[in-house]
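Subject: Structure handover

Hello,

The structure you asked about is below, with the sequence. My notes on it follow.

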Amino acid sequence: MKLIVHRNILTLSVMALTVMTAFVSCGEDLDDNRIPAFSVQINLANAGLWNTYGVHGYGDFRYFVRQTGEPSNFFYGETTYTGFGGVLLIDGMNPFEAGSIVPLAYDLACPVECNADIRVAIDPDGLDAVCPVCGSHYDVTMGSGAPLSGPALTGQVKYGLQRYHAWPQNGGYMITR
């Protein structure tokens, strides 16, 4: 009987320690919601639109920025929204399915700078997104937008890129918040 009581106390202690560790570590989590919540809706939801404006292989990317009309020949309708600083669409790895390449979407605004006009750009050598002002690098091909270096990683708060959803539809994708 004594052994069972001690085992139960030990089990409860381990469970309590696990829960406390989870709560404490939450304070060290990545802040990927620093960018203001602007609407995102880019309709590439048919094969024709996707073939023209989509991404078609690991590391292939495209920027959608309504304010600057990028890409230049894309039709921005009344219900097309590109978030706070624009949208980065890139083919990367699905973090939940090994070996699965999928379109991933992020806000282009650097979360350290938090300015719609300061946009990250893809470094073609490393396929990282890089802020031209603070120099932070972000992982955009593995589905996270997590900081890799620079003030986004080394500051008191860790900042990741704001992620958006790419939903498969009718042979294409719908990009939404």
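Before the strand pairings, one convention: two strands count as paired if DSSP finds at least two bridges between them. Please also keep in mind that this is a predicted model.

Sheets

By that criterion, β10 and β11 pair: strand β10, residues 163–169, is joined to strand β11, residues 172–176, by 5 bridges, and the two run antiparallel. One of the bridges links Gln169 to Gly172 in β11. The loop between β10 and β11 contains Asn170. Its backbone is worth a look, as Asn170 has a positive phi of about 50 degrees although it is not a glycine. Asn170 counts as exposed because its relative accessibility is 68%, and the cut-off for exposed is over 50%.

Both strands belong to an open sheet of 7 strands, with antiparallel pairing and the order β2-β4-β5-β10-β11-β1-β3. The edge strands of this sheet are β2 (61–64) and β3 (81–82), each of which pairs on one side only.

There is also an open sheet of 4 strands, again with antiparallel pairing, in the order β6-β7-β8-β9. Here β6 (121–123) and β9 (147–149) stand at the edges; each has a single partner strand, so one side of each is left without a neighbour in the sheet. From one strand to the next, the twist averages 40 degrees. Within this sheet, 3 bridges join β7 (residues 128–130) to β8 (residues 137–139), and these strands run antiparallel. Ala129 has Tyr138 as its bridge partner in β8.

Ala121 is located in strand β6. With a relative accessible area of 35%, Ala121 is partly exposed. Not counting residues up to four places away in sequence, Ala121 touches Tyr63, Asp128, Ala129 and Val130. Ala121 and Ala109 are 12 residues apart in sequence, and their C-alpha atoms are 9.6 Å apart in space.

Nonpolar cores

The largest nonpolar core has 21 residues, and those with the most contacts inside it are Leu88, Val120, Ile122 and Val140. Strands β4 (87–93) and β5 (101–107) each supply at least two residues of this core. The strand that gives the most to this core is β5, with 3 residues. Apart from this core lies another, of 14 residues, among them Ile42, Tyr53, Tyr76 and Ile175.

For Leu88, the contacts beyond four places in sequence are with Phe61, Arg62, Tyr63, Leu104, Ala105, Tyr106, Leu108, Ile122 and Val140. Two of these, Ile122 and Val140, are also listed with Leu88 among the residues with the most contacts inside the core.

Loops

Which polar contacts does the side chain of Lys158 make with backbone oxygens? A polar atom of that side chain lies 3.2 Å from the backbone oxygen of Leu153, and a polar atom of the side chain lies 3.1 Å from the backbone oxygen of Gly155. Lys158 itself is in the loop between α3 (151–154) and β10. Its relative accessibility is 28%, so Lys158 counts as partly exposed. Lys158 and Asp31 are 127 residues apart in sequence but 6.0 Å apart in space, C-alpha to C-alpha.

The loop between β4 and β5 holds Asn94. Asn94 is buried, because its relative accessible area is 15% and the cut-off for buried is under 20%.

Backbone geometry

Most residues other than glycine have a negative phi, and most peptide bonds are trans. Besides Asn170, described above as having a positive phi, two further places are worth checking.

- Leu127, in the loop between β6 and β7, has a positive phi of about 55 degrees although it is not a glycine. Leu127 is buried, with a relative accessible area of 18%.
- The peptide bond from Glu70 to Pro71 is cis, with omega near 0 degrees. Pro71 is found in the loop between β2 and β3.

Regards

Terms used:
Residues are numbered from 1 along each chain as its sequence is written. This is a predicted model: local features need pLDDT of at least 70, side-chain atom pairs count only at pLDDT 80 or more; totals for chains, interfaces and linings use all residues. Side-chain values use heavy atoms; hydrogens and water are left out. A nonpolar core is a set of buried Ala, Val, Leu, Ile, Met, Phe, Trp, Tyr and Cys residues joined through side-chain atoms within 4.5 Å. Buried means under 20% relative accessible area, exposed over 50%, partly exposed in between (1.4 Å probe, protein chains only). Contact means heavy atoms within 4.5 Å. A polar contact is a pair of N or O atoms within 3.5 Å; within protein, one must be able to donate a hydrogen and the other to accept it, and residues adjacent in sequence count only if both atoms are side-chain atoms. Axes are lines fitted to C-alpha atoms, for helices over the stretch in contact, and angles run from 0 to 180 degrees between N-to-C directions.
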